[in-house]
Amino acid sequence: GNIHVFTKTGQHITTIEGNIPPHNINADGLVYDGHGNLLVSDYTGGRVAVMQETGDVQCFIGTPGTGPGQLDRPMGLTFTRDGHLAVCDSGNKRIQLFTIPKI
């Protein structure tokens with residue numbers, strides 16, 4: 001599916017294709033960081049994309065695998081009270097915490 005981005009007042013900003021080229025992101029979960037970035041879990045890519053509201057990918061968090069910092073079928077995303085990104089790493093049956101890079 002697609003990602004539709006709206007302002008707080010409901011104005012449509014943009015639509016981001018669910019399979020986001022050229023990175024082939026299979027979007028599953030997403031969260032807004034409050035600083036103009038969308039974080040999108042890439043279910044088949046084993047990573048989280050940090051994107052601008054326009055859909056431009058700034059960087060990736062995590063890599064595919066089973067070790068620390070590696071993801072297998074990441075799904076849900078949220079932020080902890082202290083600002084870490086919590087990722088539901090479904091394939092590895094765990095929750096991982098990441099520090100978000102300054103962009």
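A residue is called buried when its relative accessible area is under 20%, exposed when it is over 50%, and partly exposed in between (1.4 Å probe, protein chains only). The model is predicted, so that local features need pLDDT of at least 70 and side-chain atom pairs count only at pLDDT 80 or more, while totals for chains, interfaces and linings use all residues. Residues are numbered from 1 along each chain as its sequence is written, and side-chain values use heavy atoms, with hydrogens and water left out.

**Exercise 1. State which strand has the lowest mean pLDDT and which the highest.**

Step 1. pLDDT is the predictor's confidence in each residue, from 0 to 100. For the chain, its mean is 87, and 92% of the residues reach 70 or more.

Step 2. Strands (E, at least two residues) are DSSP runs numbered from the N terminus. Among the elements of the chain, the lowest mean, 58, belongs to strand β3 (residues 19-20), and the highest, 98, to strand β9 (residues 70-71).

Step 3. Where pLDDT is low, the predicted coordinates should not be read in detail.

**Exercise 2. Identify the residues of the largest nonpolar core.**

Step 1. A nonpolar core is a set of buried Ala, Val, Leu, Ile, Met, Phe, Trp, Tyr and Cys residues joined through side-chain atoms within 4.5 Å.

Step 2. The largest such core has twelve residues: V31, L39, V48, V50, C59, I61, L71, L77, L85, V87, F98 and I100. At least two residues of this core come from each of β6 (47-52), β7 (57-61) and β11 (85-89).

Step 3. Another core, of eight residues, lies apart from it and includes I3, I25, V40 and A49.

Step 4. Contact means heavy atoms within 4.5 Å. Leaving aside residues up to four places away in sequence, V48 touches L39, V40, S41, C59, F60, I61, L71, L77, L85 and V87.

**Exercise 3. Determine how many salt bridges the whole structure holds, and describe their partners.**

Step 1. A salt bridge is a side-chain nitrogen of Lys or Arg within 4 Å of a carboxyl oxygen of Asp or Glu. The search finds three.

Step 2. D42 and R47 pair through their side chains at 2.8 Å, N to O. D42 is buried at 0% relative accessibility, and R47 is buried at 18%.

Step 3. D89 pairs with R94, the closest N and O atoms being 2.8 Å apart. D89 is buried, at 0%, whereas R94 is partly exposed, at 26%.

Step 4. R73 and D72 meet at 3.9 Å, N to O. R73 is partly exposed, at 35%, and D72 is partly exposed, at 27%.

Definitions and conventions
Helices (H or I, at least four residues) and strands (E, at least two) are DSSP runs, numbered from the N terminus.
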